[in-house]
Amino acid sequence: MRQKERDNGYWAIDIEQDGEYEFELRRWPLEIDTPICAALPGRTGVPYVDDLLPGEALAIKTAKLQVGDIVQQKAVDESDTCVVFHLSLKKGSTRVQTYFDDGIDAPPGAYYVYVKRISPA
């Protein structure tokens, strides 16, 4: 994630209840709250903790979420820490896949996806 790894795949999920769901796509974890496109500083010299290389910036322009046959896409501003999607979903098994598109090669997926049910159907 710090070194612009371009992996992508899907998550198999089981939606337990019909309802409105919120999907929050992030490159960096919630607790860091750093913009999707931003680099992170390296970390060295902390006792008993591994050193970390600096993270690299990405020029992400769009974020896309696909849940089953539902596809949504939004523009990404360089100051955005996340991209939030709202979907009305039915109970059942499906797949979730995300994309952070910077126009170079195959787009990587979001490294962190936070999902919560925000209202019943």
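**Salt bridges, core and strand pairing in a predicted model**

Arg26 and Glu24 form a salt bridge, with the closest N and O atoms 2.5 Å apart. A salt bridge here is a side-chain nitrogen of Lys or Arg within 4 Å of a carboxyl oxygen of Asp or Glu. The structure is a predicted model: local features need pLDDT of at least 70, side-chain atom pairs count only at pLDDT 80 or more, and totals for chains, interfaces and linings use all residues. Residues are numbered from 1 along each chain as its sequence is written, and side-chain values use heavy atoms, with hydrogens and water left out.

Arg26 is buried, at 4% relative accessibility. Buried means under 20% relative accessible area, exposed means over 50%, and partly exposed lies in between (1.4 Å probe, protein chains only). Glu24 is also buried, with a relative accessible area of 14%. Arg26 has a salt bridge with Asp33 too, where the closest N and O atoms are 3.6 Å apart. Asp33 is partly exposed, with a relative accessible area of 45%.

The structure holds three salt bridges. One of them joins the side chains of Glu22 and Lys116 (3.8 Å, N to O). Glu22 lies in strand 2 and Lys116 in strand 7 (residues 112–120), so this pair ties together parts that are 94 residues apart in sequence. Strands (E, at least two residues) and helices (H or I, at least four) are DSSP runs, numbered from the N terminus. Glu22 is buried, with a relative accessible area of 16%. Lys116 is partly exposed, at 48% relative accessibility. Side chains of opposite charge can pair when their charged atoms come close.

Arg27 is found in the loop between strand 2 (19–26) and strand 3 (62–67). Arg27 is buried but has no salt bridge. The nearest side chain of opposite charge is Glu56, 7.2 Å away. For charge, Lys and Arg count as positive and Asp and Glu as negative, while His and the chain ends are not counted. The side chain of Arg27 does reach backbone oxygens. One belongs to Ile36, at 3.4 Å. Another belongs to Ala38, 3.2 Å from a polar atom of the Arg27 side chain.

The largest nonpolar core has 19 residues. Such a core is a set of buried Ala, Val, Leu, Ile, Met, Phe, Trp, Tyr and Cys residues joined through side-chain atoms within 4.5 Å. Phe23, Leu65 and Phe85 have the most contacts inside this core. Strand 2, strand 3, strand 5 (83–89) and strand 6 (92–101) each supply at least two of its residues. Strand 5 gives the largest share, four residues. In soluble globular proteins, nonpolar side chains tend to be buried together.

Strand 6 also takes part in strand pairing, which requires that DSSP finds at least two bridges between two strands. Strand 1 (residues 10–15) pairs with strand 6 in the antiparallel sense over six bridges. Tyr10 stands opposite Gln97 in strand 6. Strand 3 and strand 6 pair in the antiparallel sense, over six bridges. Here Gln97 is the bridge partner of Gln66.

Key
A polar contact is a pair of N or O atoms within 3.5 Å; within protein, one must be able to donate a hydrogen and the other to accept it, and residues adjacent in sequence count only if both atoms are side-chain atoms.
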